Amino acid sequence: MTISRRDFIKVGMAAGAAVSIPSVLRAQTAPVDARTVRMVTKGDLSVFDPYNTTAAIAYDHALAIYDTLFALDSKFMPQPQMVGKWGVSDDRKTYTFELRDGLGWHDGTPVTAADCVASVRRWGQTSGGQLVMERARDISNKDDKTFTIALKEPLGLLIDRLAEISAYPLFIMREKDANLPATEQVTSNIGSGPFKFNEALAKPGASFTYDRNEKYVARSEAPDGFAGGKVVMVDRVIWDNIADQQTALAALQAGEIDFVKVPPADLYPVIESDPSLVLQVLDAGGNDMFVRMNCLQKPFDNLKARQAMLHLIDQEAFLRLVAPEPKYGHTVTSLFGNNTPYSNDENTGWFKKGGDPEKAKRLLEEAGYAGEKIVILQATNVSWNNDASQLLAAELRQIGVNAELAPSDWGGLLARRANKGPVEDGGWSIFLTSASDSIGEIGDPISAAFLGANGEKGWFGWPQNDEYEALRTKWADVETLEERQALAREMQRVWWDFVVGFVFLGQYVEPIARRKTLSGLIEMPLLTPMWNMQKA
């Protein structure tokens, strides 16, 4: 008889959770007190510099130890954070920022405007700050607390860019750290944020420890998203790297940890049945899964073949696989997701419940498809990607496509997707990935590289559509929400007409699992703030 892991956990619950916890976990974790929170995050923190990676765990690390000039509130509006006062000149070309009182580095030195200038310049070497640097005429400090950003021409999105949370957010570092090129990793881990990184207790591959910064001066406003007062309610937070999900859940049941960022979906009922545990959605937008096509190679260099993919996909079939509980999965048709201010229904008549495989087959024939191999990169160590890749291959085979899976770990997929050549030379046809259904990612066509269509200069898949790109470049100069919403409709019309770069598989939400003794978690997308949470 085969015992599923769900049954295994149930047996552990019935017999006493302690029996299901491997001794290796007991060796690496100590009893948790009311002033310490232990968390199992997503992945292993191997790169600390937020400009040397796009891994969410590195941004969570940066969010803890660094501070930001501005921060997004729960309505995704930018609010001052390190900035006390700011203003803009009448011609809207010069912005002046004055730092608030009480800002200090973990090494005891004060934060200065020179630190901010150096940090903005380093950030400008990344895609996150590239637009600002292209428009900047001068960035300089006027005194210890005041600096300016002078622009060549107005940039309506400047404050939004300073507060962004998607790829390469702006974190303020010490001047001597920020003077390093963005390609060279900062390793000091000294910030001015609400937590200090505990170097002495760092155990790479096992755990990292963060201590409350007792000298941090929080804003007076109540916490609101990433904005407001960052008040730390515990003394210490420990990130435990527990790769095995079953082990992590068993430790959560036993009270040896307090929080699991990504509990396995098939064990949601087990968590919900435990009186000590609760599932909580911190990121209501979740993630939008999509199929990225290689637009440089056959067959997806042909519009008809890309349209075939649009009509083939049965989103609900993929959602049943990835999010078996309906409340955690939704279809998505807007280029800007389901939960951003720019979500709309323009040109979405292609969507059909269950997909339309016959139309997809006909479109492939019109594209001249003649049985060429279509290679799907499959990340076997990413559960949803592994399963969804297999389902996509099956759907393609059903309409006569010669689909072949190329299994590897996620790192192997990342390496191979950079190959622009044909599949015979190690190239690829399709890979699956996902993006946050939030204004910080899929709602941000400037920062989200996958929303570009600038050909070989752009993101993997390299779609090119000049009409769409002309519309996208207007985004930075549009100042009102209404104008951006109108522009979003135009961009979406063109995207789906030409199936520019990807098609959706659906949207899924991942709740975190926590002990009921842990409360005050801030509900925002992409990142997990550690301030405001407390233990009973």
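1. A cavity here is a set of points, on a 1 Å grid over the protein atoms alone, where a 1.4 Å probe fits but cannot get out. A pocket is an open set with protein on both sides within 12 Å along at least five of seven lines, and lining residues have an atom within 4 Å of a point. Grid points are joined across faces, edges and corners, and a volume is the space filled by probe spheres set on the points.

2. A word on the source: this is a predicted model, in which local features need pLDDT of at least 70 and side-chain atom pairs count only at pLDDT 80 or more, while totals for chains, interfaces and linings use all residues. Residues are numbered from 1 along each chain as its sequence is written, and side-chain values use heavy atoms, with hydrogens and water left out.

3. The count comes to four cavities of 30 Å³ or more. The largest cavity holds about 100 Å³ of space. Its lining has 14 residues, and Leu63, Thr68, Ala163, Glu164 and Ile165 lie nearest its centre. Strand 2 (70-72) and helix 6 each give two or more residues to this lining, with strand 2 giving the most, three residues. Helices (H or I, at least four residues) and strands (E, at least two) are DSSP runs, numbered from the N terminus.

4. By class, the lining of the largest cavity divides into twelve nonpolar residues, one polar and one charged. Here Ala, Val, Leu, Ile, Met, Phe, Trp, Tyr, Cys and Pro count as nonpolar, Asp, Glu, Lys and Arg as charged, and the others, Gly among them, as polar.

5. What lines the second largest cavity? Its lining residues include Thr41, Asp44, Ile57, Phe208, Trp239 and Asn241. Strand 9 (207-212) and strand 10 (236-240) are the elements that give two or more residues to this lining. The space comes to about 60 Å³, and the lining has five nonpolar, four polar and two charged residues.

6. Turning to open space, the second largest pocket contains about 500 Å³. Among its 29 lining residues, Pro78, Leu157, Asp160, Tyr342 and Arg484 lie nearest the centre. Helix 6 (158-163) and helix 16 (481-498) each supply two or more residues to the lining, and the largest share, four residues, comes from helix 6. The classes are 16 nonpolar, five polar and eight charged.

7. There are 27 salt bridges in the structure, each being a side-chain nitrogen of Lys or Arg within 4 Å of a carboxyl oxygen of Asp or Glu. In one of them, Glu164 meets Arg161 at 2.5 Å, N to O. Are these two partners buried or exposed? Glu164 is buried at a relative accessible area of 5%, and Arg161 is buried at 3%. Buried means under 20% relative accessible area, exposed over 50%, and partly exposed in between (1.4 Å probe, protein chains only).

8. Asp477 and Arg135 meet in another salt bridge, at 2.9 Å, N to O. This pair links distant parts of the chain, 342 residues apart: Asp477 sits in the loop between helix 15 (466-474) and helix 16, and Arg135 in helix 5 (residues 130-135). Asp477 is partly exposed at 38%, whereas Arg135 is buried at 12%.

9. Lys327 forms a salt bridge with Glu272, with the closest N and O atoms 3.5 Å apart. Lys327 lies in the loop between helix 11 (315-322) and strand 14 (329-330) and Glu272 in helix 9 (residues 268-273), so the pair ties together parts 55 residues apart in sequence.
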